[in-house]
Amino acid sequence: MLEIRNLHATVNDVEILRGINLVVKPGEIHAIMGPNGSGKSTLAKVLAGHPSYVVTQGEILYNGRNLLELAPDERAREGVFLAFQYPIEIPGVSNASFLRLAYNQKRKHQGEEELDPLEFDDLLQEKIKIVEMDKAFINRSVNEGFSGGEKKRNEILQMAVLEPQLAILDETDSGLDIDALRIISNGVNQLHTDTNAFIMVTHYQRLLNYIQPDFVHVQMNGRLVKSGGKELALLLEEKGYDWIKDEEENRQTAASN
Amino acid sequence: MFPERSKEKSQYRDGFEVFLTAQANAPQWLASLRERAFAEFERLGFPTIANEEWKYTNIAPLAGQAFRRGSLEGVDLAQVRRQLRIYPEAERSRLVFINGVYVPEFSVIEGLPAGVVVTNLAEGLATRQEFLEANFATLADFENRAFTALNTAHANDGALIVIPRGKVVETPINLFFVTVASPIAQVSFPRVLIHAGEASIATVVENFLTLGETTPDTAPAFTCPVTEIRVGDGANLEHYKVQKESLRTFHIANTFADLHHTSVLNSNSISLGGQIARNRIAVAFKAEGGEMNAKGLYYATGKQLMDSRLEVDHAVPNCTSQLLYKGMLDDKARGVFNGKVFVRHDAQGTNAIQTNKNLLLSQTARIDTKPQLEIFADDVKCGHGATVGQLSQDELFYLLSRGIETQAARNLLTYAFAHELVEHIKIESLKEELDRTISSRISSTEHGFE
C-alpha cells in the first residue's frame, strides 16, 4: 500500500528527514517512536502533503502511484488521513457541515452520489458512537472551545466518517487522560480492518497498550534506525532511547572506519 | 483632475435653492439651520486626500459627478414592492424610503406598542415641531464636516424614533432606504433621529439597499445619511446598519451618538455594497457608567473602497467602549479603518478596547488601518490592536487534508472569519439573510463583476 524509499525532507531549509525507508501493507499497524526532535511529526506531515515541508530526495509510492505528485486534498480523497497533533479550530463552521463537505467531496471523487444533510446525519449518528461523543458536538463549530481530549476524539470521528485506507496518527495520545486514551484506542481498533493500515507516531509506549502494533520503528535523526515487533516498544519503555542511540553511534563509527 | 470647487458648489447650490423654494413652509428655525449648514458645506467643499481624515479615501469620482435630488418620478412602485424583501421581523414595524422619499403605502408600524413614536421626519416636523426644534441636529455637529453639513441642508425625509421612558420595545424598528437603479444620477439625504428614553430598550435597524438591475446605462447614485442617537439614562439601544447598495453607489454615512448615565449602545455595522462606502460613527459619553459595543464587518471585492471610521470620546469617568471591526478585502478592493479613542483627563476608570482584524484575500487588495488611542487620564484600562493577514496556511492545510478542494477550503475559512460578526445579530432572519449573502458572495468566482 505504502512504500517510502530513501525519503529526505527539509523545513525552512533544514534537513529533518534523512533517508526514511518504510513499507506498509494493508491490515498492518505500524508505530513510529522516537525521542523529541527525531522528525516523527515531519514524516506524518510529509505524507499528508503539508506545504511547509519540502521533499528533496527519495519517493513515496501509494498504491503504486507517486504520492508526492498529489496535492494534499487529492491524497485525502485517495484515502490518506492525518490525525493532527494540534487540530485547528474553525469558528462558525459546524462539525456536521464540515464533515459532510469533506465526505461528499470524497464521494464525488469516487463517482458516488452525495448525501443530503438528513442522510448524512444518519451516518454521523452511527459514527459518533465509535468515539463516545456527545451528539451536541456535531452542531458545535469545528474544534472551537474543545478540550484537548475532545479535539483528538473529533479527529477520530473525522477518520471514522472518511474511512481512510491509510491513517496517520500524529501524537494522538499526547495530552490525553486515561479515559480519552481508552476511547480513542477503542475507536481505532473498531476502524481497523484487513484492508486499511495505520501509522501511529508516538512518543510514549502507553498507547501501544491499547492498540497492538504489528511493527515498531524507532526514528532518530531523521532515519528509522531500528525496527521490530511490539516487544521493541516494551524494551523502549524499560530502557529508554539511549541504548539505541549508542548502538546507532557505534554503527556509524564502524561504517566510517 | 479635480473639478473646480466653484463648479461643485454651484451644482449643489442650484439644487439647494430649488429645495428651499419647495420648502417655503418650513419653520424658521429649520430654514435657517439649512442655510447655515449649506453655507458650511460651501465653505468646505468636498474633502480631498489632503485632508488627514480622507487621506486614503479619494472621493474625486463623487465630487466630480452631478446628482439630482432623488424622487419617485419614473419609479414603478409595484415592481419595487415585488422586489423589496422584507424579513419577517420587519413585517409590522417599518418605514420605507425610496430614493430618499418616504413611501407611506409600504410603511407599517402597527406592530409597535402604543406611545412609541416612529414617523417620517417630514410628518414629525408638522406634528412634533417643538421636540424637533429642541433636538434636531443637536448631536450632528456639521462644523468642518462637509457631508453632515450637506445632509443637514437637504434632509427632509427620514425617521423620527422616540422611545418613551421605561418602554421595552421587543419588535425591532426597521428602516429601509432603497435606491432604485436609474439612468439619472440621484442623491438622497436620509436623516434619522433616535431618542431612547430613560430605561427604555429598543432595536433599530437601518437597511440601505439598491433595487433594480445595474446595467451599463445605470447612473451613479449617492447616499448621504446622517443618524443622531441619544441613549438616555439607563436605556439600552441595539443599532444595526446594513449597507448592501449597488456598486454604482457612493455611500457616505455619519452616525452620532450620545450616551447618558449607565446607558448601553450596541452598534452593529455590516458593509457590503457601494463603489465608495464610508461609515463614520462618533460616540460621546455624557455621564458615567455608559457602555458602547461597536461591531463592524466590511467585505469589499472588485474595486470597492470601504472606509470605517470610529470616534469615541471618553469625556467622563467609568465608561466602557469595545470596538471590534473586521474586514475582508479581495480582488483590487481597498479598505480603510480608523479608530480614534479619546480618553480625557477626567475620564478615570475608562475601559476602552479596540480591535481591527483584516483578511486580505488577494495580492492586489489593500488595507490602511490606524487604531488610535489618546489617553489623558491615568487610571484606565485601554488597549488597541490591528492585524492584517492572509488565510492561515495551517488552517488551510487542515481542510485540504480532509479532502476539501482548495477553493472550497478557502471559502470556508473566509466565511469563518466573517461569521463572528454575523453570529451575534439578534434578528434571526436578518442574520440568516446576511449569512447567505456573505457565503454566496464568498463562493462566487466573479468577484470583480460590474
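## Q129 of chain B

Q129(B) is partly exposed, because 14 other C-beta atoms lie within 10 Å, a count that falls between the 12 or fewer of an exposed residue and the 20 or more of a buried one. This description, like the rest of this report, concerns a predicted model. Q129(B) belongs to helix α6 of chain B, which covers residues 129-135, and its C-alpha atom is separated by 25 Å from that of V205(B), a residue 76 positions away along the chain.

## The contact between chains A and B

Chain A contributes 21 residues to the contact and chain B contributes 19 residues. On the side of chain A that touches chain B, at least two residues each come from α2 (72-77), β7 (90-94), α3 (95-109) and α6 (148-162) of chain A. By class, the residues on this side of chain A comprise 13 nonpolar, five polar and three charged.

## Helix α3 of chain A

The end C-alpha atoms of α3(A) are 21 Å apart, in agreement with the 21 Å that its 15 residues should span at 1.5 Å a residue. Buried residues in this helix are N95(A), F98(A), L99(A), R100(A), L101(A), A102(A), Y103(A), Q105(A) and K106(A). Just after α3(A), the backbone at G111(A) adopts a positive phi of about 75°.

## Packing of α2 and α7 in chain B

Within chain B, helix α2 (residues 28-44) packs with helix α7 (residues 146-154) at an angle of about 145°, and their axes are 8 Å apart; the crossing of α2(B) past α7(B) is left-handed. From α2(B) the contact draws on L33(B), R34(B), A37(B), F38(B), E40(B), F41(B) and L44(B), while α7(B) provides A146(B), A149(B), L150(B), T152(B) and A153(B). Sorted by class, the contact of these two helices has nine nonpolar, one polar and two charged residues.

## The two faces of α10 in chain B

Helix α10 of chain B (residues 428-443) has 16 residues and reaches 23 Å from its first C-alpha to its last, close to the 22 Å expected at 1.5 Å a residue. Its buried residues are L430(B), L434(B), I438(B) and I442(B); seen down the axis of α10(B), they fall within an arc of 95°, and therefore line one face of the helix. An α-helix has 3.6 residues a turn, so residues three or four places apart point the same way.

The exposed residues E428(B), R436(B) and S440(B) are carried on the face of α10(B) turned away from its buried side. Among the elements of chain B that cover the buried residues of α10(B) are β9 (201-211), β14 (264-271), β16 (291-300) and α9 (406-423).

Key. Residues numbered from 1 in each chain as written. Chains lettered and ligands numbered in written order. Predicted model: local features only at pLDDT ≥ 70, side-chain atom pairs only at ≥ 80, totals over all residues. Contact = placed C-beta atoms within 7 Å. Helix = DSSP H or I, 4+ residues; strand = E, 2+ residues; numbered from the N terminus. Nonpolar A, V, L, I, M, F, W, Y, C, P; charged D, E, K, R; others polar. Axes fitted to C-alpha atoms, helices over the stretch in contact; angles between N-to-C directions. Left-handed = near helix turned anticlockwise from the far one by under 90°. Expected span 1.5 Å × (residues − 1). Arc of directions from axis to C-beta.
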